[in-house]
Amino acid sequence: MSFPELIDAAIDSILNLVPGLTALLIDNHTSDLLTSYMPLSELLSKSVCLTHNISNEIESSKMTNTPCVVLIKPCIDSVRQLASHLKNPIFRSYTIVFCNKVARNLLEMLATLDVKKSIIGVHEFFLDFMLYNSNTFHLGVKGTFFTKKTLNQLVEKLHTVFSTLLLKPTIFFQKHTVCAPVFGRSLINSFSDTLTRDLVHGPRLVIVDRVFDMVCPLLIPWSYEGLIHHLWGINKHRTTVGGLTHILRDDFFLENATVNFGELNRVMCSRISTMKSRENEIKQLNSEVATTGETDALKQIFLDVDDLNEQSNRIAHHAVIVSELNKEVESKKYLEFSNVQQSLLLELMASKELHETVCRLLENPFVSPYEKLSLIGLYVASDSADNAYILEFRDLFISIHPLLENVCNVLIDKMRQSKEARGFLSRISRRFESFDNILTAYTPKIVGVVEEIIQNKTPSAFSLTGTQHKWNNSVVVFFIGGVTMLEIEALSALKEKYPDVDVMVGSNEILNMEGFLNNIMDSL
C-alpha cells in the first residue's frame, strides 16, 4: 500500500472507534497533519459531521446525541486546551486519540480534568508526520543542526512513520558525522520495545546527515514545483503569489510538478490548445442536439461543459503562477545566475572570468543576500577553490551585508568541513564532459548511495546497523537537517531505472535555499 492509502486506513480506524456520525476535535498540530493528508472537507465523506479546533470555542448548542473523537498531540498544551471542553461537555461522549506515545503524567492530568466522566476511551495512534506528496513525508521540525535532545524527538516521530507502514527497516546510517550514527542507533533501540516487535521486516532505511551534501540546498531547482518552492515556499500544498493563495493539489500540478521550467510554457500552450479544440467539439455537438432534441446527449453536453469550465479554471490558476515565475526568472536573472552556479561546480570558467563574474553578482542589488551566499558557498565547495578568492568574496559580501557576517563565516566553515563533498565535486567535474542542460547538470550525491543499496552493496561512507533482513524492494531515505526539491525529484526519478523498487523520501523539513541559510542563522 502507498502512503496515502495507509494514512487513509489509519484515519478510518481512528474514526471507527466511534460508530456512526461523529464530531472531530483537533489541535493546531493535528490540523496540520490532517491538512497535509487531505482537504479537511473530505472528512465529511467519512461520517464526520463537524471538525473543530480545540483552541477555539464552539458556537453551538449541546449535541447530546453526537459522540466526539478528539485527535491531539500528546503534550500539556493540547490537554489543557481540552480542559474547557471537558468542563462543559457539549457532546455525548469523548474518545481521546493521541497521535504519538503519551506520557503517564498526561494521562493522569486527563483523568483529573474529566470531572463529568465524559471520556469513554483513550488511544494511541502513530500518526505524527506530514505528507508532502505520495512518496515524500516530513516531520514538521525546522532545523539543520541538531542537539542530542532534538534528535530524540525526531526519532520518536520517524518511529511513527514505520508504525504506520507496519514495517521494521534495515538501517544504513552515514558514518563520521555528529548526528547520523546517534540517530541510527536510537532508532534501532526504538524498535526493540514490545509494541513494535511484531512489525514485518521490509524497507532499507538510509539515514543521511545534511552535511553529506551541502551543495543541493544552495542550487536553484528548475522544475515547476522546485521554482515555486524556491521563490515562495510550499506549505500544506499551498503557495502565496502576489498576495493570492494557490492550492497545488490538482491534476495539472501533479502531472507537471517535475517538468523543467523551459518546457512549462510549451505544456501550458498545448493544454490550452486541447481545451479550445474540446470547446469547439462541444459547440458542434450542441448545435446537432438542438436539432435532434436527444435528452441523453443534452445531459452529456452539460457534464462536458462543467468539466471544461473546471479545467479552464485550473489552467487559469496555473497560468497566473507561470506568468509570475517568468517575471521572477527574468527580473532576478536566474538563467545567468544558475549558469554561474553550475559553472562553479563543474569548473567551466577560467579563474579570472569566474572571479569577475562572482564579484559582479555579489555587487548586484537585484541578487538577494541568500543567493549571494550560495555563490560563496558553492565556490568554497569547488575542488579548485582559492583561499585568496574566498576571503575576497567574503569581505565584499560583508561590506554590502554587514549584518550577515556571522552567517557568511559559518557557511564557509561548514562547506570547508565537508571533505567528502569536495572530493565528490572533484570527481563529477571530470565526469561531465558534456550535458544537455547546464542548469541541471549537478546530480545530488545521495542518488549514487541509493543505487548502491539497491544493488545490495553497502556504500563506503555508510554503516549497516544490526542484521540485514529480507528486503521488500523499497528504500526510505531520511535526511537529518532537511531535504531539497532537487533531491526529492532525483530520487523519485530512480523509478524509471529501477521500476521494481519503491523509493520514499523523508526529512524533518522540506528545504529551499532561504530556509537552509536561515537554519544556519538560527544555529548561531
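Leaving aside its neighbours within four places in sequence, which residues is Lys157 in contact with? The first view takes up this question, and the others visit further spots in this predicted model.

**View 1. Lys157 and its contacts.** Let's start with the position: Lys157 belongs to helix H5, which covers residues 148–165. Apart from neighbours within four places in sequence, the residues in contact with Lys157 are His29, Asn100, Asp128, Leu139 and Val141. Is Lys157 buried or exposed? Its relative accessibility is 11%, and because buried means under 20%, Lys157 counts as buried.

**View 2. An open sheet of five strands.** Follow the strands across the sheet and you will meet them in the order S2-S1-S3-S4-S5, with parallel pairing. At the edges stand strand S2 (48–53) and strand S5 (119–124); each has a single partner strand, so one side of each is left without a neighbour in the sheet. From one strand to the next, the twist averages 20°.

**View 3. Strands S1 and S2 with helix H2.** Here we look at one pair of strands and a helix beside them. Strand S1 (residues 22–26) runs parallel to S2, and five bridges join the two. You can find Leu24 opposite Thr51, a residue in S2. Helix H2, made of residues 28–37, lies across S1, S2 and strand S3 (63–72). The helix runs at about 110° to S1.

**View 4. A cluster of aromatic rings.** How many aromatic pairs does a search of the whole structure find? The search finds eleven. Look for Tyr37, Phe129, Phe137, Phe183 and Phe478, which ring pairs link into a cluster.

**View 5. Lysines over rings.** Lys414 has its charged end over the ring of Phe145, at 4.2 Å from the ring centre. In a second example, the charged end of Lys445 sits over the ring of Phe212, and the distance to the centre of that ring is 4.3 Å.

**View 6. Cysteines without disulfides.** How many disulfides are there? The count comes to zero. Take Cys75, which is in no disulfide: the nearest cysteine sulfur belongs to Cys99 and is 8.4 Å away. A disulfide needs two cysteine sulfur atoms within 2.5 Å. Another cysteine to find is Cys269, which has a relative accessible area of 55%. Because exposed means over 50%, Cys269 counts as exposed.

Notes. Residues numbered from 1 in each chain as written. Predicted model: local features only at pLDDT ≥ 70, side-chain atom pairs only at ≥ 80, totals over all residues. Heavy atoms only, no water. Phe/Tyr/Trp six-rings, centres within 6.5 Å; stacked < 30°, edge-to-face > 60°. Lys NZ or Arg CZ within 6 Å of the ring centre and 35° of its normal. Buried < 20%, exposed > 50% of the residue type's maximum accessible area, 1.4 Å probe, protein only. Pairing = 2+ DSSP bridges. Helix = DSSP H or I, 4+ residues; strand = E, 2+ residues; numbered from the N terminus. Axes fitted to C-alpha atoms, helices over the stretch in contact; angles between N-to-C directions. Contact = heavy atoms within 4.5 Å.
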